[in-house]
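Keep the structure open as you read.

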Amino acid sequence: MKVSNDKKAYIDLLLLADEQENMIDKYLEHGEMFVLYENGVKAECVVTKEGNGIYELKNIAFMPDCQRKGYGKKLIDFLFSHYTDCNEMLVGTGDVL
């Protein structure tokens, strides 16, 4: 489901993937947030539009007991079906060395 209001209510899970709340605040404000909900929250992500047909996955996080159970694939598949004009999905998560 898309979260339009009170995105900060889901901040705890996002902090698992990005420990800097001030950074999350920056992309959370202008990004679209999606929550995979199946008998409770399983995963969350935030996506920003970077250009014509270009999106960036800024954060994706899973409940610890939901990792390696196919929820990531479900969420990514949903994103590509939701953003029908997507030509490129950048992944802006993790450390850059």
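The buried residues of α3 are covered by elements that include β2, β3, β4 and β5 (88-91). Contact here means heavy atoms within 4.5 Å. Buried means under 20% relative accessible area, exposed over 50%, and partly exposed in between, with a 1.4 Å probe and protein chains only. Helices (H or I, at least four residues) and strands (E, at least two) are DSSP runs, numbered from the N terminus. This is a predicted model, in which local features need pLDDT of at least 70 and side-chain atom pairs count only at pLDDT 80 or more, while totals for chains, interfaces and linings use all residues. Residues are numbered from 1 along each chain as its sequence is written, and side-chain values use heavy atoms, with hydrogens and water left out.

Which residues of α3 are buried? They are Y71, L75 and L79. These residues cover an arc of only 75 degrees around the axis, so they sit on the same side of α3. The arc is that of the directions from the helix axis to the C-beta atoms. α3 has 12 residues and reaches 16 Å from its first C-alpha to its last. That is close to the 16 Å expected at 1.5 Å a residue, where the expected span is 1.5 Å times one less than the number of residues.

Now step into the core. A nonpolar core is a set of buried Ala, Val, Leu, Ile, Met, Phe, Trp, Tyr and Cys residues joined through side-chain atoms within 4.5 Å. The largest one has 16 residues, of which C45, V47, L57, L79, Y83 and M89 touch the most other members. β2, β3, β4 (54-62) and α3 (71-82) each supply at least two residues of this core. Its largest share, four residues, comes from β4. Apart from this core lies another, of nine residues, among them I11, L14, V35 and V46. V47 touches G31, E32, Y55, E56, L57, L79, Y83 and M89, not counting residues up to four places away in sequence.

T48 lies in strand β3. Buried or exposed? T48 is buried, because its relative accessibility is 0%. With residues up to four places away in sequence left out, T48 touches Y27, H30, G31, I54, Y55, E56 and K58. A polar contact of 2.4 Å joins the side chains of T48 and E50. A polar contact is a pair of N or O atoms within 3.5 Å; within protein, one must be able to donate a hydrogen and the other to accept it, and residues adjacent in sequence count only if both atoms are side-chain atoms.

Follow the strands next. Two strands pair if DSSP finds at least two bridges between them. β1 and β2 pair in the antiparallel sense over two bridges, with V3 opposite M33 in β2. β2 and β3 are also antiparallel, over six bridges. Here L36 stands opposite A43 in β3.

The hairpin of β2 and β3 has three residues between the strands, and N39 takes a positive phi near 55 degrees there. N39 is exposed, with a relative accessible area of 78%. D6 also has a positive phi, near 55 degrees, in a residue other than glycine. D6 lies in the loop between β1 (2-3) and α1 (11-17). D6 is exposed, at 57% relative accessible area. Most residues other than glycine have a negative phi.
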